[in-house]
Amino acid sequence: MSKKKSQSVEEAKTPTLTKENGDQTRTKHKKLWELMENNYQENDIPSLQRSFADHLEFSQAKSRAHATMNDLYHSVAGSIRDRLIERWNDTMHTYHEDNVKRVYYLSLEYLMGRTLGNSLVNLGIKGETGKALAELGLSLEDLRELEPDAGLGNGGLGRLAACFLDSMASLALPADGYGIRYEYGIFEQKFENGFQIEKPDHWLRFGNPWEVVRPELSYRVSFGGSVEKSTDEHGRLVCRWMPSDRIVAVAYDTPVPGYRNGTVNTMRLWAARTLEEFSLKHFNQGDYIRAVEEKILDENISKVLYPADELQAGKELRLKQEYFFVAATLKDIIRRFKVKNLDLRHLPEKVAIQLNDTHPALAIPELMRLLVDKNDFSWDDAFKICTETFGYTNHTILPEALEKWPVTMFKKLLPRHLEIIYEINRRFLEEVSAKFPAEPELLAKLSIIEEGSTRSVRMAHLAMVGSHSVNGVAKLHSEIIKTRTFSDFYRLWPERFNNKTNGVTPRRWLKLCNPKLAELIKSRIGDKFVTDLFELKKLVPFADDAKFRKLFRDVKAENKKAMAGIIKELTGIEINHDSIFDCQIKRLHEYKRQLMNVFHIIALYNRIKSGNGGSMVPRTFIFGAKAAPAYKLAKLIIKLINSVAQVVNNDPEVGSLLKVVFLENYSVSLAQRIVPAADVSEQISTAGMEASGTGCMKLSMNGALTIGTLDGANVEIMDEVGAENFFLFGLKTEEIQALRDSGYNPNEYYAKNDELRQVIEMVADGRFSPKQPDLFKPIIDSLLTGGDYFMVLADFEAYSDCQRKIEEAYRDQEKWSRMAILNVARMGKFSSDRTIQQYASEIWHVEPVVSRSRKKVHEK
């Protein structure tokens, strides 16, 4: 990183043509303002066609003879972006003029999916755009398929953040998301001989037509160095961080439209840039590598989401990412605040910052540094501002999975922040001692600093100490963090803890991904459900309407037939689209128990091979999942599933009775195809280990029936849809704990269940890996000699019995349809709109703001 100060980077001080520079600029540029404010894009078919043609010629610089399909996609995207930008400018102008309190959502992940379809739905012009392109001989759906998924997230954390941004805009809340503009995202998953192989996910290869780079919003971010201490004329300690390295964060903005309400909020992502593009001195000396070495090292920070952290360099890069993004974000928030407000003491009145898990927790010591070191606040005043500004969302139940960073790494990269954390901790522990004087052992349990062979900073503890609100993301999860994970913090500050059950946006996860079902619902109850999902309860009476059940089944059948075609295209596997589509689509982790699912598949295979499958309802098991590159056992489970699929799918005795499909490179766009086609939703995590989960909500909302444990949001889904419409199995959270405490022995379950024992022996003996019989030995060892921590063997029999109940229920299609309709009808609680309304009223204390349009030519 550059060790020089540079005058080439101004920190958001570029003059703008606004009245902040004097009223005379308004007069001077009057004609410019009038041109901007009087000319808005229309949404009729000729106007959309004109926009498309203009972008093809002037933005893509292509003629009819040379335009590629990618040029056509970019031209459509540019046409829609123009219309978003008009509303975007109106929204930002309204927020600015009214000096409203704003929410800033900080997340290291945003799993946004594709933007074109979602924007068309939220603008209300999907139909018009499709017709406009059809008249030009083009297919909107074909062009939508050319858009890559934005590589900005991995699993549920990022998808939740994306749903929340959609809901904030649809509720007209003044709220922006902040994160990192990863150049390569997580990774592109390929299967080679059934093994997961990670390839770079170059999602920006052809550019991103939705983003707007803001070079005027560039901020220096520092690392390393030392801290100088002195006293001022009043004898007050003054600390000055003298960093050794600096880089630049550059803003890239993406518009986030609300649903047909004129509001367009912002997702602002930071890209890392070097202060010096390259060393001319080294270049002229012929040392071309050193000439660009600093640029490469600096810009690595925004290269990849979740760099592999087995090595020290990977760990350091991850910590740098977390600080880089919060440092730039806080400078940007304070810059915006100071445009209309003079005194930072009023920051909590105008700013609410939500930390999405612990990754942004460094924002707490960073804000303290800015207030105390840069703005001369007293410690007490600064910390009061901090706690009133920040809220923290916890997503992790398991104590061993909570984020921690070695003190030595902190001291190397962020020496001043470590000092601030030490002081926060010292004062905090004094508070603990005063409240619980008879319990000195609490000091070590609650301390932000974990002692031991490697002293570490506990980021969850830092987040809780520095925030006024700590929320879980499902009712069960929130109870677990209060009674188990953070029980002592709850004793200290019970008023800080609350629950905000997650939700998903019905715009993407019903209206966009399942238009046939959305239209069927609209034909019976209208379309208010798109913004008020509780409207779906009006469908309840239709569950007893035979005609509606038939139409509902027809929609599902069409979706399944389309999914079968996609599977054939992607994998070459032909499946029976009349079979049960049993789907487990989520991140690959042992606690999510994809292993139990594939064990049951092997058991079904054995039943067929032994002649007991004649009466079986045909099944298609669909998997979609990525495993973390360093998670060896998870990757081996992927290989096992693919190996089982290879055997099952090519056995002529099995035929179309049983198929197994593992779809490569699972993504939001792929989920949007699978979810409408699913019959069964696999939510089979070990009870007490899933914070919430949102895939369960998407699948139920689209008419899939859940087989699941009492874990995460499953508990609330079952409460809403009714136990009779939910396939429940397995040990409960307290039963699992009791079994562990009594000395769980997985070999007992292995010995007493003949079907399970046969499955395990087939895997152990190399039936699915004949060229390497011991390939899956680590999986078997984790179960039989490793203690089976995730209780796969303990729950297998109950899971297998529950699967028989699914088969029995599916035989009666009238009954199954009724259950599925009731699942859809009772999903009102699980809209992210409801979740965000609760955040807004109970944590952020912000109100909706109606965006004032500057339009003078109104849309019809």
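Arg-426 and Glu-430 are joined by a salt bridge whose closest N and O atoms lie 2.8 Å apart; the term denotes a side-chain nitrogen of Lys or Arg within 4 Å of a carboxyl oxygen of Asp or Glu. The model is predicted: local features need pLDDT of at least 70 and side-chain atom pairs count only at pLDDT 80 or more, while totals for chains, interfaces and linings use all residues. Residues are numbered from 1 along each chain as its sequence is written, and side-chain values use heavy atoms, with hydrogens and water left out.

Because Arg-426 and Glu-430 are 4 residues apart in helix α16, about one helical turn separates them. Helices (H or I, at least four residues) and strands (E, at least two) are DSSP runs, numbered from the N terminus. Arg-426 also meets Glu-423 in a salt bridge of 2.6 Å, N to O. Those two residues are 3 apart in α16 (residues 415–435), again about one helical turn. Arg-426 is partly exposed at 40% relative accessibility, and Glu-430 is partly exposed at 47%; buried means under 20% relative accessible area, exposed over 50% and partly exposed in between (1.4 Å probe, protein chains only).

Asp-833 and Arg-507 form a salt bridge with closest N and O atoms 2.7 Å apart. Asp-833 lies in helix α35 (residues 832–844) and Arg-507 in helix α21 (residues 506–512), so the pair ties together parts that are 326 residues apart in sequence. Asp-833 is buried, with a relative accessible area of 4%, and Arg-507 is buried at 0%.

Elsewhere, salt bridges with shared partners link Arg-214, Asp-253, Arg-268, Asp-332 and Arg-335 into one network. The whole structure contains 60 salt bridges.

## A buried aspartate without a salt bridge

Asp-298 belongs to helix α10 (residues 288–299). This residue is buried yet has no salt bridge, and the nearest side chain of opposite charge, Lys-320, is 7.3 Å away. The side chains of Asp-298 and Thr-274 are joined by a polar contact of 2.6 Å.  A polar contact is a pair of N or O atoms within 3.5 Å; within protein, one must be able to donate a hydrogen and the other to accept it, and residues adjacent in sequence count only if both atoms are side-chain atoms.

Val-256, in strand β8 (residues 245–257), is buried with a relative accessible area of 7%. Beyond its neighbours within four places in sequence, Val-256 has contacts (heavy atoms within 4.5 Å) with residues including Leu-165, Ala-169 and Met-267.

Terms used
Lys and Arg count as positive and Asp and Glu as negative; His and the chain ends are not counted.
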